[in-house]
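Thanks for asking me to look this one over.

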Amino acid sequence: MTEIDRHESTDVLIIGSRCAGSAAAIGFARAGRSVVAIDRAKFPSDTLSTHVNFPSAVAELQAVGALGRILAHDPPKCTHGMVEADGVRCLQRFATVDGIDYGICLPRPELDHALVETAREAGAEVRERTALQEILWTGKRVSGAVVRERDGALVQIDCKLLVGADGRRSTVARLVGAERPYRGSRNERGCAFWYMDDPLVGTEWRERLIQLRSGTTHALIFPCPEGRVMCLFMGPAEDIPRYRKDPEAMWEAMLDANPAVRVRLGGATNFSKLRSTGDNVAFHRRSSGPGWALAGDAGHFKDPIIGQGIRDAVRFGRILGETCAPALGDPKALDAATRAVEARRDRECNATYHWGNRESRVFGVSPIVQEALRDLDGQDPPLLLHMFDRVQKPHHVLNPLRGAKYAARALMRRGADRPAILREVVEEARIDVGAWREELRPRFRNTRLTASERGDYVWPPRTPGTTTPEPPADRAAGIAADPTAGGAADAAAAPEPAALT
Ligand SMILES: Cc1cc2nc3c(=O)[nH]c(=O)nc-3n(C[C@H](O)[C@H](O)[C@H](O)COP(=O)(O)OP(=O)(O)OC[C@H]3O[C@@H](n4cnc5c(N)ncnc54)[C@H](O)[C@@H]3O)c2cc1C
C-alpha cells in the first residue's frame, strides 16, 4: 500500500506538459475547468526532437495563444519551402493558413516553455519535476493518480479525466493497457542532427525551409534564431551508429554525397553536439477509455521526416480539452467525447501517417519525384507545400492523374531506367489505393494492414545496431492489455559523441 503524503482533487490531471499536455491544459482551463498538468522535466528543457513548424503548425500555436511568446524569441519567419532532388528544384511560397504564411523553427526548450507559460496563463497549474507513480481505479474507471514530487512527496490526485500526454514511451498508455500499438509501421530511416552558425545569414536562404535529396539520404535544413541553423540527415537507420562513432567524418561524407548541402552549409562553424535516433516506429494506440485519454505522441506517432508531430500534438491536445470540457460531469458523455476526439484525430491524420510511412522508406532519388518537382516549381497555389501544410492530402496532390503524367514524362526521358520506373509506379499505386480506401471507408481503430505500413516493426522499438530486435509485433494483440511491456530504450539517452568544433 503506497504511503500518501497529500490528497487533492482536480477536474483534469494531465501527465506530460509539452506540446500535447500544455495544449490540452489550455483547452480545459479556458473552459473554466480545474487542471493540474505535471511533467518530470524542469522547463525550459530540451527533448530529442527537431522542431520545424510549417504555417499550419504555427497557426495551431496561435490558436492556443502561445505565438506571441514564441515570436518573442525572434525565429526567422520562413515564407518559402523548397525540395531539391539531385539538382531538380521546386521552390514555392507558403499559402496562408489561418492568417499565417510562414514557418518557424524554434528549439524545443523555448517552444515548450512558451506552451507551458501559456497554459499557466490560461489557469492551469503546471507542476515541474513531478512524475506519475501509479494510476488509481474505481472499478474499471480511472479515477486519479499518485504522483511523486521533486522532494519525494507522494500526492494522490483524484480526477474526472486522466490525460496521458507523456510521449511515445507513455507510462499512462502502459498502465491503462494500451501500450502496444494496434497498428504501426517500421521506419527505415534514422535522424542525426546538429545546430551550427549559419554561413548564409542575411540572405534569402534564411527564409527557406529546405529538403535536399541525394542518394538515399534526405538533408533537412531549417534556420533557427540567433543566426543558427539546424541540419538533419535522414538516411538509412543502420547509419546512425556511424554518425555517433565519428560525427565529423559523417558530416564530411554527407557534404561529399550531397553537393547541395555543401552549397548551403559549407564553411559552417560552431557545431553543437550531434543528436540522433534510429528509432522512429510510427504507430496508433488506443487513445481513449473509461476516464482516460492519450494525447500527442502518447497516442499516435508519425515519422518525423514530414515534420507534423508538434502541429498534431498541439491541435488535438487543444481539441481534446475543448471537446471534453463540457462533458466532465457525465462519465458516459465524457467517454463518448474522448472516443470522438480519437476518431477525429485519426480521420484527419491518417493520410499524413501514410505519407510519413512512404517517405520513411529508404530509396534513391526518384525520376518520378524529379518530374513532379519540375512541374510544381514556382506554382501558385503551392501544391507541394500544401502537403506539408495539411491544406491538401498528399494522395490528393499526387493523385493518379498527376502520378501518370509524371511517370510518363520520366519514362520518356533519354536514358530512363524504364523497368525501375514501372516498378515504382506499381508500388506507389498500391500505397495510394490503401490511402484512398481508408479515406473513403474509414474504420475506427482499423487493424487492416495497408501498403504504406511495414508491419514487421519491433516493439518496443530499438535503435538499429545497438540492441537485439524483438519478434515482430502481434497486431492482434494490440487490443489486449500488455502490462509487462516496458518503455523502449531512449535514444536521447545514448552517449553523445564528441562535439564537432
Ligand atoms: C528525432 C525527431 C525529430 C522530430 N522532428 C519534428 C519536427 O521537426 N517537427 C515536428 O512537428 N515534429 C517533430 N517530431 C515529433 C515531435 O517531437 C512530437 O510529435 C512532439 O514532441 C509530441 O509532443 P508530445 O507533447 O505529445 O510529447 P513529448 O514532446 O514527448 O512530451 C512528453 C512529456 O511527457 C513527460 N513525461 C513522460 N513521462 C512522464 C511521467 N511518467 N511523469 C511526468 N512526465 C512525464 C516528458 O518529460 C515530456 O516532457 C520529431 C520527433 C523526433 C523523435
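This is a predicted model: local features need pLDDT of at least 70, side-chain atom pairs count only at pLDDT 80 or more; totals for chains, interfaces and linings use all residues.

1. Residues are numbered from 1 along each chain as its sequence is written, and side-chain values use heavy atoms, with hydrogens and water left out.

2. The domain assignment divides the chain into domain 1 (6–75 + 104–180 + 283–357) and domain 2 (361–440); such bounds come from an automatic or database domain assignment. Taken over C-alpha atoms, the centres of domain 1 and domain 2 are 35 Å apart.

3. At the interface, 16 residues of domain 1 are in contact with 10 residues of domain 2 (contact means heavy atoms within 4.5 Å). Domain 1 and domain 2 bury about 1,200 Å² between them, with 53% of it on carbon and sulfur atoms; buried area is the accessible area (1.4 Å probe) that two parts lose on being put together, summed over both. Ala 351, His 354 and Trp 355 supply 44% of the area that domain 1 buries against domain 2, more than any other three residues.

4. Next, helix H1 (residues 19–30) packs with helix H4 (residues 108–122) at an angle of about 15°, their axes being 8 Å apart. Helices here are DSSP runs (H or I, at least four residues) and strands likewise (E, at least two), numbered from the N terminus. Axes are lines fitted to C-alpha atoms, for helices over the stretch in contact, and angles run from 0 to 180 degrees between N-to-C directions. That angle makes H1 roughly parallel to H4 (under 35 degrees).

5. The crossing of H1 and H4 is left-handed, a term for a near helix turned anticlockwise from the far one by less than a right angle. Among the residues making the contact are Ala 25 and Ile 26 of H1 and Leu 115 and Val 116 of H4. The contact residues comprise 8 nonpolar, 2 polar and 3 charged (nonpolar: Ala, Val, Leu, Ile, Met, Phe, Trp, Tyr, Cys and Pro; charged: Asp, Glu, Lys and Arg; polar: the others, Gly among them).

6. H2 and helix H9 (residues 309–324) pack at about 35°, with axes 9 Å apart, and their crossing is left-handed. Ser 56, Ala 57, Glu 60, Leu 61 and Ala 63 in H2 meet Arg 311, Val 314, Arg 315 and Arg 318 in H9. This contact has 4 nonpolar, 1 polar and 4 charged residues.

7. Which peptide bonds are cis? One runs from Phe 43 to Pro 44, with omega near 0°, and Pro 44 sits in the loop between strand S2 (35–38) and helix H2 (55–63). Another runs from Asp 380 to Pro 381, with omega near 5°.

How values were computed: Angles under 35 degrees count as roughly parallel, over 145 as roughly antiparallel, 65 to 115 as roughly perpendicular and the rest as oblique.
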